[in-house]
Structures are given as C-alpha cells and as structure tokens.
There are 2 protein chains.
Amino acid sequence: MSAVRFRDATLDDLPAIVTLLAEDTLGEKREDPSLPLDPGYVEAFALIDANPDQRQIVAEQDGTVIGTMQLTFIPGIAFKGAWRGQIEAVRIASALRGQGAGGAMIDWAVEQCRARGCRMVQLTSDKTRTAAHRFYERLGWTRSHEGFKLKL
Amino acid sequence: MSAVRFRDATLDDLPAIVTLLAEDTLGEKREDPSLPLDPGYVEAFALIDANPDQRQIVAEQDGTVIGTMQLTFIPGIAFKGAWRGQIEAVRIASALRGQGAGGAMIDWAVEQCRARGCRMVQLTSDKTRTAAHRFYERLGWTRSHEGFKLKL
C-alpha cells in the first residue's frame with residue numbers, strides 16, 4: 001500500500017468527501033454527491049473550516065482522497081475541566097478497506113486529540129456496523145457506552 | 001414538585017455543578033467539589049461560557065441548583081450539512097430523581113437544539129447506567145449506537 005497522509009480538507013476536497021459519505025450503506029439514503037453540490041454541504045464546510053474546535057480531515061493516497069472524518073474538540077467541566085476529542089463520520093473508500101488506512105487514520109486522530117490536550121477521545125458507531133465495532137476494539141477502544149439519538 | 005426552570009449557568013453556579021458531578025457513582029472517583037474549586041473547573045467554565053457552540057445549563061428549583069447538563073452544537077457535512085446537538089454530563093440531585101425533573105431537562109434540551117436548527121440530538125450513557133437507558137427510551141430516544149471511548 002502506498003503511503004497515506006492525513007490533512008485538513010479544503011473546499012476542493014468537498015465533492016470527494018460527499019462521495020465517500022454517499023457510498024456508505026447508511027449514507028446512500030441521505031446524501032447526494034451530484035454536482036454542483038447541494039449548498040448545504042458547502043455552507044457546512046465553511047462553518048467547520050472557520051471553527052477552531054472543528055477539523056474536517058481527509059486521507060490522501062497517491063494524490064487521491066480515500067478517506068475522511070470530522071474531529072470536534074469539546075471543553076467540559078467533568079474530570080476537573082477536561083477537553084474531549086470526538087470523531088464523527090469516519091469513511092474509507094470501499095475498495096481500500098481492510099488494508100490499514102482506517103486504523104492509521106483513527107490512530108492519527110487520537111494523536112491530534114492528544115496534541116490538543118484532550119483527556120479522552122470518543123465516538124459512536126451504528127449498532128449495525130459490527131465490523132466497525134471489532135475494528136475499534138482492535139485499536140484499543142473500549143465499548144463502554146450506549147449511544148442514543150433523537151431525530152428532529 | 002415546585003416548578004423547575006432551566007437556564008445557562010453562571011460562574012456562581014460552578015460549585016453546585018461540580019457537587020452534582022461528584023455525587024454520581026462514576027463521578028465520585030474523579031471529581032473534587034472542595035472549595036476553593038480546582039482551577040481546572042474554573043478554566044473549563046470560562047471556555048464553555050465564551051463559546052457560542054457550548055452551553056452549560058442548570059436546572060433550578062426554589063432558588064437551588066438541582067441539575068446540570070452541557071449542550072454542544074456541532075456542524076457537520078453529513079445529512080447535507082446538518083447541525084447536531086449533543087448532551088453531556090447530565091445530572092439531577094440524587095434526592096430529587098424520579099420526580100420528572102430529568103425528563104423535563106432533557107426535553108428542554110431537545111427544544112434548544114431544535115431552535116438552533118439541529119437535525120438530530122445525540123448523547124451517550126455508560127453501559128452500567130441501566131436506569132438511565134430506560135429513562136431515555138421512555139423519552140423517545142433510540143438506542144441505535146455503540147459508544148466507544150479511549151482515555152489518553
């Protein structure tokens with residue numbers, strides 16, 4: 001496998017990011033990667049890009065975007081005022097799964113959180129994604145919480 | 001039960017908030033409500049108070065703080081650029097549990113997220129908190145995700 005590098009996304013990466021979100025079994029029902037992109041995607045990217053507590057990340061291999069995730073840094077009172085890192089919307093291109101890029105991306109995210117002074121990192125994964133659960137456990141994460149959602 | 005009102009916390013509420021976090025079965029091992037408060041608490045409160053995407057909330061009854069939670073508003077690319085609301089560190093004074101204040105607080109939080117334009121609200125609850133899981137399900141939440149944590 002060629003080297004994978006991770007960096008903050010630019011607006012030019014947005015079509016590739018939306019395509020990754022849309023090729024997912026859950027995402028295909030709710031995303032639209034057709035061009036021009038829905039303005040909701042462009043507005044959301046601008047908000048993330050301008051917010052120092054948000055980072056939209058891409059994984060790049062041989063000049064192609066092959067993965068993405070969002071990092072959020074959350075200050076909190078608990079644990080004597082600890083920052084938390086949070087990882088959302090983790091995707092690796094389906095053709096490249098199982099080759100180590102996802103694990104490298106998550107481990108890189110953890111290092112970014114450590115560098116920001118976070119005391120813990122958290123994420124949730126849909127209960128249907130059983131392969132993802134084994135993946136996170138292999139990376140040393142603890143499946144300690146139930147994740148609840150409410151659609152508005 | 002006297003009426004419970006919900007509002008953004010001020011620095012004067014911080015000792016009561018830390019006391020609520022500390023009287024919890026998980027929190028008692030990691031929090032210190034003794035005065036003067038650990039400066040980590042004061043610094044974290046200042047960060048939350050200054051951040052438009054963070055709200056530290058208190059529930060007040062007859063002039064006394066009886067509950068707390070933190071709301072975080074997270075922009076995202078997924079769902080065509082949907083904002084998410086997130087609820088963390090939910091606590092109701094132990095003597096007042098089971099009387100409806102917690103349910104009222106969570107429902108109030110959901111309305112705040114709706115008013116901010118969020119498309120969903122999310123939270124996680126430690127797998128040992130089985131009474132809390134029934135509580136959220138009664139309030140209409142879906143236990144759809146596994147919650148993973150990694151301590152740094």
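User: How much area is buried between chain A and chain B, and what share of that area do carbon and sulfur atoms give?

Analyst: Buried area is the accessible area, taken with a 1.4 Å probe, that two parts lose on being put together, summed over both; in this predicted model, the area between chain A and chain B is about 5700 Å², with 62% given by carbon and sulfur atoms. On the side of chain A, 17% of the area buried against chain B is supplied by A:Ile77, A:Phe148 and A:Leu152, more than by any other three residues. Because this is a prediction, local features need pLDDT of at least 70 and side-chain atom pairs pLDDT 80 or more, whereas totals for chains, interfaces and linings use all residues. Residues are numbered from 1 along each chain as its sequence is written, chains are lettered from A in the order in which they are written, and side-chain values use heavy atoms, without hydrogens and water.

User: How many salt bridges are counted between chain A and chain B?

Analyst: A salt bridge is a side-chain nitrogen of Lys or Arg within 4 Å of a carboxyl oxygen of Asp or Glu, and the count between the two chains is six. One of the salt bridges links A:Lys127 with B:Glu146, whose closest N and O atoms are 3.0 Å apart.

User: Which strand of chain B pairs with strand β5 of chain A, and in what sense?

Analyst: Strands are DSSP runs (E, at least two residues) numbered from the N terminus, and two of them pair if DSSP finds at least two bridges between them. Here β5 of chain A (residues 120–126) pairs with β6 of chain B (residues 142–151) in the antiparallel sense over seven bridges, and A:Gln122 stands opposite B:Lys149 in β6(B).

Definitions and conventions:
Helix = DSSP H or I, 4+ residues; strand = E, 2+ residues; numbered from the N terminus.
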